[in-house]
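Subject: Structure handover

Hello,

Here is the structure for you to look over. My notes follow below it.

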Amino acid sequence: MPDALVGKSVPRKEGPDKVTGRARYIDDMRMPDALYGVTVRSPVARGRLRGVSFADGVPWNEIIVVSAADIPAERNHVALLTNDQPFLAATELRHAEEPVLLLAHADRHLLERARNAVRFDIEKLPALFDIDKSLAKDPVIWGEDNIFKEYNLTKGDVDAVFARADIIVVEGEYSTGAQEQLYIENNGVIAVADENSVTVWGSLQCPYYVHKALLGLFGLPADKIRVVQTETGGGFGGKEEYPSLIAGHAALLARKAGKPVKMIYDRAEDMVATTKRHPSRTKHRTAVTKDGTIVAMDIDFVIDGGAYNTLSPVVLSRGTIHAAGPYSIDNVRIRARAVATSHPPHGAFRGFGAPQSIFGLERHMNKVARAVGLTPEALRLKNFIKQGDTTATHQLIKEPVDMPSILRRALAEADYDAKRERFARENPGRSVKRGIGFASFMHGSGFTGSGEKYLASVVGATGTAEGKVRVLAASTEIGQGTNTIFTQIAAQALGLDWDDVEVAQPDTSVVPNSGPTVASRTTMVVGKLVEQAALGIKQILVQAGLLSEPYTPQQFRAAVKKYIATVGSLRSMAQYSPPDGIAWDDQSYRGDAYGTYAWAVYVATVALDTVTYEARVEDFVALQEVGRVIHPVLAAGQIEGGVAQGIGFALYENVVWREGRMANGQFTNYIVPTSVDVPAIRVFFDEVPYPHGPSGAKGIGELPMDGPAPAIVNAIEEALGAPHPALHHVPLMPEQLMDAVDDLLSARRKSA
Amino acid sequence: MKSQVRCSVNGAACSFEVPPMARLLDVLREEANLTGTKEGCGEGECGACTVIMDGRIVNSCLVPALQADGSTITTIEGIAKGNVLHAVQAAFISHGGAQCGMCTPGMVIAAVDLLTRVVNPDENQIREGLAGNICRCTGYTKIFDAVREAARLLASTP
């Protein structure tokens, strides 16, 4: 029997290809005869297209041109939650950079000239870039009221609590900016298409989302559309929904040209045209008793969805459910709305709404603590949720959760008490002031509510002629380690060696639909199906009389070969069904929002230079309970990477909007943390096995995005020694820090 | 108009007919079919296209092909010796230094270059040595671990 693989940091499956340059990403693929494709985009945020003309100096007869006129009107939409986003705008232009025309030619340089020679005649219309203006319907740009989606979540009687005389009311308003995923590999696809079939290879997270979108666009039978994921250089949500649009574009061009079309975005196009994290605004009104018990929370959460609905309702949903955090509060009311603006549609980005609402909550918790004269940690300890309590959605917490111990251990690892005392003593005489702050939070694993039930994901396993087991899933390796984790889970379930298991390339003509690679669901939800499908192979072999337990890997391999030689194809499938006792009501928005949660406390130590207004994270402790850790190195890598993105979200990554268009769509002026900017990121796991996850694992991917921003800004508030309105927004740039530092220092000078 | 560019790439003498202002990155990827060198930003900021040219690391997206005439270039494909991985590559695998893999070729080259210049780099030297290469996946921690491990491996092999 081989050593247990789960819990061990085995080498990642595709590691050697990635370190030698052999890994083939979409732009590394070549097809004879292929054309390049480009997109011509709206120059305005809102308008009506009156005409298109083509300037002289370009051999237009050589160029393939596709417009909305090439698509039947009833098919010109990207199939998603609602069908409001067209593949190509016909007359209504709803955001800057909206795709209007597609061009293809073999010569990239000529194509660039052609793109610049397209002239649009546009009647400009008033655009809308602001959440409040959208709520005020000034003007109405979507539906009747600019509201894509609204949720109203209630628990207890909030109004009755606020009428009480014995409570303190604490109010606060918090906001977060857009954030670019900035995967290092830009979006790209290659398409081959004719009247009868379409094949797309691409850098993407969700092959079956693209499949569904192409199905809607071309109306072909499902088996005539094939989507293949190539090695993908990062996604973080940015390749969840947008690749459907690009795949459709390349396929439209390929079909018209009768040749393969390669469409690879350059960095500038990827940054200005594709989705980003939803900007948000959260208003809190909290009722707390003098001893620090929070008795009611009234939360108003709004996100800017951009010009089309796309995934905003589900981003909003996750943000809403996480808005009240890991606390046991008897009376909660959350009003949540996703509103339309004239920005390019905002979309999936790691955390999916939760980092936005958690920033508001965890900043506000410190304000509440201050109002009742408690330390931030004492307030949390008084209000943490525990086993047997219910969340804001009335979900009963059935598994053990010990937030006090997570908090205490995280603070101890960060040397919190000693640092707090030392910084308070040292800061007054220094221009560089230090602070330590933290955030406590949770993140739901898998799709929200009934999502997993509706998805009903399927995973397959097959035996190969070499006697190996091959996992068939549409879940993609995008850097996080899917191939390796699935291998560990299947090999562990079957008692095999690491190299006895292969993972098939996600190709819709080969793999079943195991759902999208999103929502911290791949290890926990899909991994469990991998385990079941793998066990199914064993069961078939045992029933065929070819294998009996205990067996060695050699015996297993021999049995697989013999089965294939004598019986034929060896295949087992597993389909998701919800664990017993999970219930969700979409109408009342009540019930088990997630099968389970990961729990965490993150602690940041920050140095604030009051001369240069730079804030620097000097130390970062990330402690989380994520069930059983399947692969310690990959798991820590997920946390460290997420924390670095969270540091960027907090301090560096500022999307500058000009007339609804990202004005800093370059690596040069959109700043992400580099190797000299990140602190030591110290990762700790508490392992409490989750009974319904493979080997006890829960989801992990999004969690680390939630905590850094509030922890860092809480630390900055500590460094400044007082609250300031500038600290209610991220990214917190040096310009805003200057306001806070100057106001507070001059106030202190005055009082001195 | 095309110009001839002769250079040594990963030990092999090469000759390319390319437009004079073609980027070295495109020549390597499209003419030499060495697609391990990646384009991340096209403006010399991300470092995904890093190669070694005449003993120094450069962003190949910023180097006009003509400038490479007569030079000696090593790309990621030339870092391993046959099937034997370089210590940096081996350490990137064992320490989780590669996630999505897109920054990895440039990052490996930058690390190889650093360890050529500094035998036993301290933390700051590692951070500075990799500061021209942006990784969005790892938060760099595992990359630092890998570079430290590679330094140890190199020190222990004669």
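Strand β2 (residues 47–54) of chain A is joined to β6(A) by seven bridges, and the two run antiparallel. Within this pairing, A:Arg48 stands opposite A:Glu123 of β6(A). The sheet is open and has three strands, in the order β4-β2-β6 (chain A), with antiparallel pairing. β4 (92–93) and β6 (118–124) of chain A are at the edges with a single partner strand each, so one side of each has no neighbour in the sheet. Strands count as paired if DSSP finds at least two bridges between them. Helices (H or I, at least four residues) and strands (E, at least two) are DSSP runs, numbered from the N terminus.

Some ground rules. This is a predicted model: local features need pLDDT of at least 70, side-chain atom pairs count only at pLDDT 80 or more, and totals for chains, interfaces and linings use all residues. Residues are numbered from 1 along each chain as its sequence is written, while chains are lettered from A and ligands numbered from 1 in the order in which they are written.

Chain A overall

Chain A has 20 helices and 28 strands. Its C-alpha trace spans about 80 × 75 × 50 Å along the principal axes. The radius of gyration is 27 Å, which agrees with the value near 27 Å for a compact globule of 752 residues. That radius is taken over C-alpha atoms, and the globule rule is 2.2 Å times the number of residues to the power 0.38.

Of the 752 residues of chain A, 60% are buried. Buried means 20 or more other C-beta atoms within 10 Å of the residue's own, exposed means 12 or fewer, and partly exposed is in between; C-beta atoms are placed from the backbone. Among chain A contacts between residues at least 6 apart in sequence, 81% join residues at least 24 apart. A contact needs C-beta atoms, placed from the backbone, within 7 Å.

The core

The largest nonpolar core holds 297 residues. Such a core is a set of buried Ala, Val, Leu, Ile, Met, Phe, Trp, Tyr and Cys residues joined through C-beta atoms within 7 Å. A:Ala191, A:Ala250, A:Ala490, A:Val603 and A:Ile712 touch the most other members. Leaving aside neighbours within four places in sequence, A:Ala250 is in contact with A:Gly37, A:Val189, A:Ile190, A:Ala191, A:Val200, A:Val261 and A:Met263.

Where A meets B

Chain A and chain B each put 41 residues into their contact. On the chain A side, α1 (15–20) and α17 (632–652) are the elements that give two or more residues. α17(A) gives the most, with seven.

Chain B

Chain B is divided into domain 1 (3–78) and domain 2 (87–156); the bounds come from an automatic or database domain assignment. Their centres, taken over C-alpha atoms, are 22 Å apart. The contact between them takes 13 residues from domain 1 and eleven from domain 2. Strand β3 (residues 50–53) of chain B gives the most to the domain 1 side, with three residues.

Helix α2 (residues 87–94) of chain B is largely enclosed by the rest of the structure, because six of its eight residues are buried. Those six are B:Ala87, B:Val88, B:Gln89, B:Ala90, B:Ala91 and B:Phe92. Their cover includes α1 of chain A, along with α3 (104–117) and α5 (141–156) of chain B. Just after α2(B), B:Gly96 has a positive phi of about 70 degrees.

Best wishes

Key:
Contact = placed C-beta atoms within 7 Å.
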